[in-house]
Amino acid sequence: MSELGPIDEYQDLFENAPCGYLTIGPDGRISKVNATLEAWTGFSADKLIGQRLHQFLNMAGRIYFETHIAPLLRMQGFFNEFALDFETAAGQRLPVIANAAERRNSDGTVLFTALVLIKATDRRRYERELINSRSELRKGLAIERETAELREQFIAVLGHDLRNPLAAISAGARILQRSGTLQDDKELRVLDMMNTTVTRMSGLIDNILDFARGRLGDGITLSRDANRPLQPVLEQVVDELRTASPDRSIETSFAIMEPVNCDRSRVGQLASNLIGNALTHGAAYQAVRVGAKTEDGVFELWVANAGEPIPAIAMGKLFEPFFRGDIRSSRQGLGLGLHIASQIAQAHGGRIDVTSTPDETRFVFRMPLQSN
Amino acid sequence: MDVLTRNNVRESGRGLRAIVFAHGFGCDQNMWRFVAPEFESDFKVILFDHVGAGGSDLSAYDKTKYSTLDGYADDLVEIGSELGLKDAVFVGHSVSSMIGILASLKAPELFGRLVLVGPSARYIDDGDYIGGFSAKQIAELLEFLEDNHMGWSAAMAPSIMGNPERPELAEELTNSFCRTDPEIAKAFARVTFTSDNRGDLSKVTIPTLILQCSEDIIASEEVGKFVHNSIPGSEIVFLKATGHCPNLSAPAEVVSAIKAYV
């Protein structure tokens, strides 16, 4: 048992508690402090008592006390877990966490306000480090975002600027073709190759521009028209790809019996991307099969090819931008084709599904005939 | 957006003439809870929260608009025109004193009397002018505000706004009168303590009363006298109340001073 009597024990607990005690009288002046607080602040009780608390706080703490703590104490009678910085007699900063509560008479008048102060040097340093690292992260993130946006703007501008020289090459090739000056088989093959390359490149540029536009917030915009037929657009896409890949076979079966409320050139772009993908990755010696039909209120377009199945780990990433499968052909693109195709599908309220087995790899685009 | 919802405007009282109470930096319209009811028998009493504080619509907080006191004054003018206020009494605490002055200059018909409680036209010292604070101290305050988040949590904020009657939220209502999104609190502190409206004071032509507390470290007696001397024809009353918030610490004295003037 302690050698101190019960009263002394309480007295000792007050004076030497491992926290600071302080009371403020109804006149707003400090009326009591314990020995711990005297030791922490370096001010003796007679220096503290009779003064206003804010005289021992730093300026920020003073303002905060007046604008937040004092009003809250008056409105709710207590205020817990607030941070304050004392200024010690030696001019040091003493960070504390404080709880405060008013003691009132039965008639509601304030008897005194009690404060408990816990030294919080380490805790506050830790919190400040957290706050600092958060603001560093925010700064870094802002810079990253800005860079990303610049990069995407650059892509958009680049894609746009590539179109003009390409159009010039394309026009030049057409002039040569029409002029009939090229007779030699070899020369004509070169001309075909130029046309093929122009078609492929303009497809790539379209994808780049769509990607950049999507990233820059405009997204894929549609101009839907249900009144005009979709089939001729698909046939034209297939023709272009046949021209571009004369040594490959593309088989079609179209049965579009009802109007499809879609952006026809966008769906053409989607078909071109899917077929282009099949030509790149499918077995060279087997035909790429393309079909389209309307049934039960749904438009369906499918593209199938033979060849090695898509590896399971690649399946989940197929539609991500810049995703490319294993490099099997020099004709690898940017990895934007399937991404853009899926964006077009989504813009139409539809989706693209993939199945891939050793027999066949099949992409199926489905969308409702009518938009809601 | 509905202005009255945006600023959580509350109307009460039976009088014809309106009296508008505006809270300062720190808490919300609850700062007037012991003062405003005393005017309900003779006035139409209007309380509101500045955007960012209390029950205001936080989604209306616009960094650019509220980077000057003008943004807050524009809101006050909008509230006034929405309620059709003319010749009203404006009572502004702390920074809202200047917000009220700015609003009265924008819309001269709005207020017929200004009561400024603890006003300061500039908090930072400037040459011979003593505002009471150095620029460095204000910078420290902005940093210090981050140390006191008052239990603010972005996730719970929307649930407590406008639901004070829900008992399960009572715990979370602790500190809610003065709890503000830390980013907004910091921005409001910055606009408050870096404001300089000394040039606007001489433009005031409305009868103005200044209530000056004793021992107010935020708006000292010198600062109050400066406002008084700069507003032509203004009156100043020195309160016995100490500190910066006599509306809470000495409501009776504040009520009688305002009543004597209006």
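How many bridges join β7(A) to β8(A), and do the two strands run parallel or antiparallel?

A: Seven bridges join β7(A) to β8(A), and the two run antiparallel. A word on the ground rules: this is a predicted model, where local features need pLDDT of at least 70, side-chain atom pairs count only at pLDDT 80 or more, and totals for chains, interfaces and linings use all residues. Residues are numbered from 1 along each chain as its sequence is written, while chains are lettered from A and ligands numbered from 1 in the order in which they are written. Helices (H or I, at least four residues) and strands (E, at least two) are DSSP runs, numbered from the N terminus.

A:E295 has A:V298 in β8(A) as its bridge partner. The loop between β7 (288-295) and β8 (298-305) of chain A holds A:D296. Its phi is near 50 degrees, a positive value in a residue other than glycine. A:D296 is also exposed, with 6 other C-beta atoms within 10 Å. For that label, a residue is buried if 20 or more other C-beta atoms lie within 10 Å of its own, exposed if 12 or fewer, and partly exposed in between, with C-beta atoms placed from the backbone.

Now zoom out to the sheet. The pair belongs to an open, five-stranded sheet with the order β6-β7-β8-β10-β9 (chain A) and mixed pairing. Its edge strands, β6 (250-255) and β9 (351-356) of chain A, each pair on one side only. Two strands count as paired if DSSP finds at least two bridges between them. From one strand to the next, the twist averages 15 degrees. As for what links such strands, they pair through backbone hydrogen bonds, either parallel or antiparallel.

Helices pack here too. α7(A) sits on the sheet, touching β6 and β7 of chain A, and its direction makes about 180 degrees with that of β6(A). Helix α8 (residues 264-281) of chain A lies across β6, β7, β8 and β10 (361-368) of chain A, running at about 20 degrees to β8(A). Contact means C-beta atoms, placed from the backbone, within 7 Å; axes are lines fitted to C-alpha atoms, for helices over the stretch in contact, and angles run from 0 to 180 degrees between N-to-C directions.

At 1.5 Å a residue, its 14 residues (231-244) should span 20 Å, and the end C-alpha atoms are 20 Å apart, which agrees. That expected span is 1.5 Å times one less than the number of residues. Buried along this helix are A:L234, A:V237, A:V238, A:L241 and A:A244. Seen down the axis of α7(A), the buried residues fall within an arc of 120 degrees, so they line one face of the helix; the arc is that of the directions from the helix axis to the C-beta atoms. The general rule is that an α-helix has 3.6 residues a turn, so residues three or four places apart point the same way. On the face turned away from the buried side, α7(A) carries the exposed residues A:P232, A:D239 and A:T243.

B:D87 has a positive phi of about 60 degrees although it is not a glycine. It lies in the loop between α2 (69-82) and β4 (88-93) of chain B, and B:D87 is exposed, with 12 other C-beta atoms within 10 Å.

Terms used: Two residues are in contact if their C-beta atoms, placed from the backbone, lie within 7 Å.
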